[in-house]
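Please examine the sequence and the model shown below before reading on.

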Amino acid sequence: IKADIGLIGLGVMGQNLALNIARNGYAVSVFNKTEEKTREFIDEKVKEEKIYPFYTLKDFVESLKKPRKIILIIKAGTPVDDVINELLSYLEKGDLIVDSGNSYFMDTSRRLKVLKEKNILFLGMGISGGEYGALYGPSLMPGGTKEAYELIKDVLLKVAAKTEDGPCCTYVGNDSAGHFVKMVHNGIEYAIMQLIAEVYDFMRKILNMTNEEIGDVFERWNQEELDSYLMEISYKIMRYKDKETGGFLLDYILDKAEQKGTGKWTAQTSLDLGVPTPTLNLAVEARVISHYKEERKTLSKLYSKEKNTISVNKEEMIEHLKKTLLFGVFMSFSQGLWLIYEASKQYNYGVDLSEILRIWKGGCIIRAKILDFLRDIIRENEEYANLLHSDKSIEFIKDKLNSVYQVLEIGRNYRIPLMIINSAVDYYFALTEENLPANLIQAQRDFFGAHTYERVDKEGIFHTEWEK
Ligand code: 6PG
């Protein structure tokens, strides 16, 4: 036998992707560093599918039709370099490696260069959708050369999730475009998760709602404009009972959020490229702060927070929270898309933002109804990377602002942290403000370091001896 596709890495994601590819009619050779995993997979999960196990990399490579197409779905970082290096002894000119882990985009650029010299084709492909997505249809974000994409395009289009706008896979762009876009996908993912978490906090602490009540509201929202995967899992989480205690599992989960790096890279990259993404960045900060559980516990005793006096109308507030969430989600996407746009210019990715929104409509973690609306905005305002320019956006934001103010005011009054909701509104304030106090920053810089400044009334670069 000669297999159509090779897949390396049989974690759950890898197993499911192999099953998905095989279900779509392709013969798949699989390999995993530890043999046992491969055997387990073949024994327990593989039935009729054309999936063939190999126990040495050499045999694995030799089992593939030429030009060989090998998908890596392994841990990002050095493991990817190690496997690529090993593969190089067996691959031939024109063979293709697709790295579908959450690799750092700079690593992908580096690997592309090295492999190009060796005439090996390479794609850095973002894949989103978790275990279920991998099995039944993920969102795929491949980037690299068009030539490499063409080689494996048919397979990718078949295994990807489908929506009324086609398969959730497109050629994202040159170089590391695929992994860049996946990174920003995750930055937005962190932000939406944190937005929902802040709304949940408001509901439980201020509106005194039970998990079941919150779940009901989330479920209702999920049938409206907020229809999205993260809303859906959140209402299911709200209702989930712990098998051991019989209570709500959520109430037993420690409030320390973990992370594997993609959200942090988004924040770091936004600073490197000089694109404002405060809401995405603060979503990472919120996870970092959550980590200091002991610290928070101690400090919470040192700083008792005085009780508020404002009474709130629960039903009205729920409506305000819904609009606030929509506002936050809009700002998160808006910031993320702007970041992709600037990166695309800087790195010559050639990304089509409307296509990105299209392939995020299905399969991925941030799939949401609002993407159709955002796509309309992007398509109607092609000259602007910033969503805020559109008339549709103006109308959308105007409709939400009063609610956001209400939520923030009450939140302050009850002393609960709403870090990223605040960031979203401050982003909006700052970006729509003609006069910022940055004139003072410039004056200070010039005062202490002769860093110079520009003037509003004439051209040129100026410096003042401030104490003369
Ligand atoms: C996806 C996800 C996935 C990511 C997890 C965990 O699109 O399927 O983004 O790729 O690894 O969400 O990320 P953190 O551990 O950083 O929260």
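A residue is called buried if 20 or more other C-beta atoms lie within 10 Å of its own, exposed if 12 or fewer do, and partly exposed in between, with C-beta atoms placed from the backbone. The structure is a predicted model, in which local features need pLDDT of at least 70 and side-chain atom pairs count only at pLDDT 80 or more, while totals for chains, interfaces and linings use all residues. Residues are numbered from 1 along each chain as its sequence is written. Helices (H or I, at least four residues) and strands (E, at least two) are DSSP runs, numbered from the N terminus.

**Domains**

- The protein chain is divided into domain 1 (5-171), domain 2 (182-431) and domain 3 (435-468), with bounds that come from an automatic or database domain assignment.
- Between the C-alpha centres of domain 1 and domain 3 the distance is 54 Å.
- An unreviewed UniProt entry places the feature "domain: 6-phosphogluconate dehydrogenase C-terminal" at residues 178-467. UniProt positions are given in the numbering used here, feature names are shortened, and annotations may be inferred rather than shown by experiment.
- Residues 178-467 are 64% helix and 0% strand, and the end C-alpha atoms of this stretch are 53 Å apart.

**The nonpolar core**

- A nonpolar core is a set of buried Ala, Val, Leu, Ile, Met, Phe, Trp, Tyr and Cys residues joined through C-beta atoms within 7 Å.
- The largest such core has 135 residues, and V28, L72, I97 and I340 have the most contacts inside it.
- Helix α8 (residues 177-205) supplies the largest share of this core, 16 residues.
- Domain 1 (5-171) and domain 2 (182-431) both give residues to this core, so it lies between them.
- Two residues are in contact if their C-beta atoms, placed from the backbone, lie within 7 Å. Leaving aside neighbours within four places in sequence, L72 is in contact with I8, G9, V80, V83, I97, V98, D99, S100 and G101.

**Helix α5**

- The expected span of a helix is 1.5 Å times one less than its number of residues.
- F105, T108, R111, L112 and L115 are buried in α5. These residues cover an arc of only 110° around the axis, which puts them on the same side of α5; the arc is that of the directions from the helix axis to the C-beta atoms.
- K113 and E117, on the other side of α5, are exposed.
- The buried residues of α5 pack against α4 (78-88), β5 (96-99), β6 (121-128), β7 (139-144) and α8.
- After α5 comes N119, whose phi is positive, near 60°.

**Helix α1**

- The 12 residues of helix α1 (residues 12-23) should span 16 Å, and the end C-alpha atoms are 16 Å apart, which agrees.
- Helix α1 is mostly covered, with 10 of its 12 residues buried.
- The elements that cover the buried residues of α1 include β1 (5-8), β2 (28-31), α2 (35-44), β3 (51-54), α6 (130-136) and α7 (146-159).
- G25 follows α1 and has a positive phi, near 95°.

- The peptide bond from K66 to P67 is cis, with omega near -10°. P67 is found in the loop between α3 (57-62) and β4 (69-72).
- D175, a residue other than glycine, has a positive phi near 50°. D175 is in the loop between β9 (166-167) and α8, and is buried, with 20 other C-beta atoms within 10 Å.
- R415, also a residue other than glycine, has a positive phi near 60°. R415 lies in the loop between α17 (391-413) and α18 (419-431), and is partly exposed, with 14 other C-beta atoms within 10 Å.

**Annotated binding site**

- In an unreviewed entry, the UniProt annotation "binding site" covers N102, S128, G129, G130, H185, N186, Y190, K260, R287, R445 and H451. These residues span 350 residues in sequence, and the farthest two C-alpha atoms are 49.1 Å apart, so they do not all gather at one spot.
- G129 lies in the loop between β6 and α6 and is buried, with 24 other C-beta atoms within 10 Å.
- H451 lies in the segment after α19 (438-449) and counts as partly exposed, with 13 C-beta neighbours inside 10 Å.
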